[in-house]
Amino acid sequence: MPLTNSQFASITREYEQKQQRNHHNEIQKKEALYHKEPRFLEIEQQIGSITVARTKALINGEPKLADDYEQQLENLRREKENLFRFHGLTPKDLEPDYDCPDCKDTGYIGNEKCHCLKQACIDLVYTQSNIKEILARENFSNFSLDFYPNDIVDPSSKMTPYQLACHAYQTALDFIRDFDTTFNNLIFTGNTGVGKTFLSNCIAKELLNSGHSVIYFSADQLFNKLIQSRFERSQDGPPEGELILDCDLLIIDDLGTEFGTGRNSGAVSQLFLCINERILRKKSTIISTNLSLQQIADTYTERIFSRLSSNYTLLKLVGNDIRIQKKIQV
C-alpha cells in the first residue's frame, strides 16, 4: 500500500510542529542562560558583529584586517568555552530535547529518510501502534527459560527443550548485536505456545529502541496485503509495497495459519517476491511458524522453500504451552 499525499502531508505537519516546539525550547534555554550569565549574550552579539566586519574586510581586499578580526573571534570563542566550563555546561545543553537526535526532528539525514520518518510512515500505513503495547509486555526483561524442561530430549534435535531455548535465546541476542553488520534471517518453529512469537517480539523491541524500522504482520494480515499489493518492480517507480520491502526488519508471525489464503497462487507468488526481494536488498526477516521446512514446501512452493532453507537460520522450540503453564501457576 503506497503512502498517499494526504498521509505524508500529515506526517510532515507533525515534524513541522516538532521543529517549532524545538525552536521555542532552544530560545527558552538560551534566555535562561543569558539571565544567569549575561556575558554569554554579549559574546554572541560581538561574534555576530565581528563576523560581518571580517567578511567586509575580505571583500574589500584587506587580509591583515580580516586576520585581526579572526583573532578577536578566536579569543571570544575561547572565552565562551571557559564560561561553559565555569557553569558546568556544554553547548549541547542549549540544544532542544529532540525526539530523534539523529535527524534533529527533521525526518532526514542528508538526503536520506531518517529511521524515525520511515517508522512514522509504517505506523500510519500499516497501523502498527498496537504492537508497541504488546512489546511493553513481551520483551527480554520478561523472558524466562524456567518454562522449558531439561529432563526430556527432543527426538529430532537430540536436545532438551531447555537447551533449544537457550540456543534460540542466544541466537536472538547475537542477531540484535550484529544486526547492522551481518545480514541474517530467522525462522522460529515449534508448536503453539512455546515462545516463538515472544522471542520475535523481544527482538522487535530491541531494534525499535535502537532506531530501526520494524513491521509486524500476522500471517493472515500479510496475505491480505499480498493480495492487495504487488511487489514486482515497475518501470515507472518503486513497487506499491515499498515500505514492506525496505523496512529494516519484517516479522511474519504464525506462517501457515492463514487458513484459506495460504494456497492462493497469486498471494503465494507475491510472498516469494517479497521474501526474495528482501534477501536481495539484505533486509532481515523473522518468521514464526508451526510448520517444518518440509511442510512449508508442501504448503507453498519449492522456490519459497529454497529461499528459506538457504537464507534463514532455523531455531526450533519445544515444550508445553507456556500460556497454559502461566495460568496454572496463577
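Is Arg77 buried, partly exposed or exposed? At 34% relative accessibility, Arg77 is partly exposed; here buried means under 20% relative accessible area, exposed over 50%, and partly exposed in between, with a 1.4 Å probe and protein chains only.

## About the model

This is a predicted model, in which local features need pLDDT of at least 70 and side-chain atom pairs count only at pLDDT 80 or more, while totals for chains, interfaces and linings use all residues. Residues are numbered from 1 along each chain as its sequence is written, and side-chain values use heavy atoms, with hydrogens and water left out.

## Salt bridges

Let's start with the charged pairs. A search of the whole structure turns up 21 salt bridges, each being a side-chain nitrogen of Lys or Arg within 4 Å of a carboxyl oxygen of Asp or Glu. Arg77 pairs with Glu74, with 3.4 Å between the closest N and O atoms. Both residues sit in helix α3, three residues apart, or about one turn of the helix. (Helices, H or I with at least four residues, and strands, E with at least two, are DSSP runs numbered from the N terminus.) Glu74 is partly exposed too, at a relative accessible area of 31%. The pair also belongs to a network of salt bridges that links Arg54, Glu70, Glu74, Arg77 and Arg78.

Other pairs reach across the sequence. Lys29 forms a salt bridge with Asp97, where the closest N and O atoms are 3.2 Å apart. This pair links distant parts of the chain, 68 residues apart: Lys29 belongs to helix α1 (residues 5–36), and Asp97 to the loop between α3 (63–86) and β1 (108–109). Lys29 is partly exposed at 22%, whereas Asp97 counts as exposed at 53% relative accessibility. Arg281 and Glu242 form a salt bridge as well, their closest N and O atoms being 2.7 Å apart. Arg281 is in the loop between α10 (265–280) and β6, and Glu242 is in helix α9 (residues 242–246), so this pair ties together parts that are 39 residues apart in sequence. Arg281 is partly exposed, with a relative accessible area of 21%, and Glu242 is partly exposed at 24%.

## Strand β5 and its partners

Now to β5, which covers residues 249–255 and is mostly covered, with six of its seven residues buried. Strand β4 (residues 214–218) runs parallel to β5, joined by five bridges; two strands count as paired if DSSP finds at least two bridges between them. In this pairing, Ile215 stands opposite Leu250.

Strand β6 (residues 284–289) also pairs with β5 in the parallel sense, over five bridges. Here Leu249 has Ser284 as its bridge partner.

## The largest pocket

The largest pocket has a volume of about 460 Å³. Of its 25 lining residues, Glu138, Gly195, Thr197, Phe198 and Arg323 are the closest to its centre. On a 1 Å grid over the protein atoms alone, a pocket is an open set of points where a 1.4 Å probe fits, with protein on both sides within 12 Å along at least five of seven lines, and lining residues have an atom within 4 Å of a point. Grid points are joined across faces, edges and corners, and the volume is the space filled by probe spheres set on them.

Which elements give two or more residues to this lining? They are α5 (129–135), α7 (196–209), β5 and α13 (322–329). Helix α7 gives the most, with four residues. By type, the lining divides into nine nonpolar, eight polar and eight charged residues; Ala, Val, Leu, Ile, Met, Phe, Trp, Tyr, Cys and Pro count as nonpolar, Asp, Glu, Lys and Arg as charged, and the others, Gly among them, as polar.
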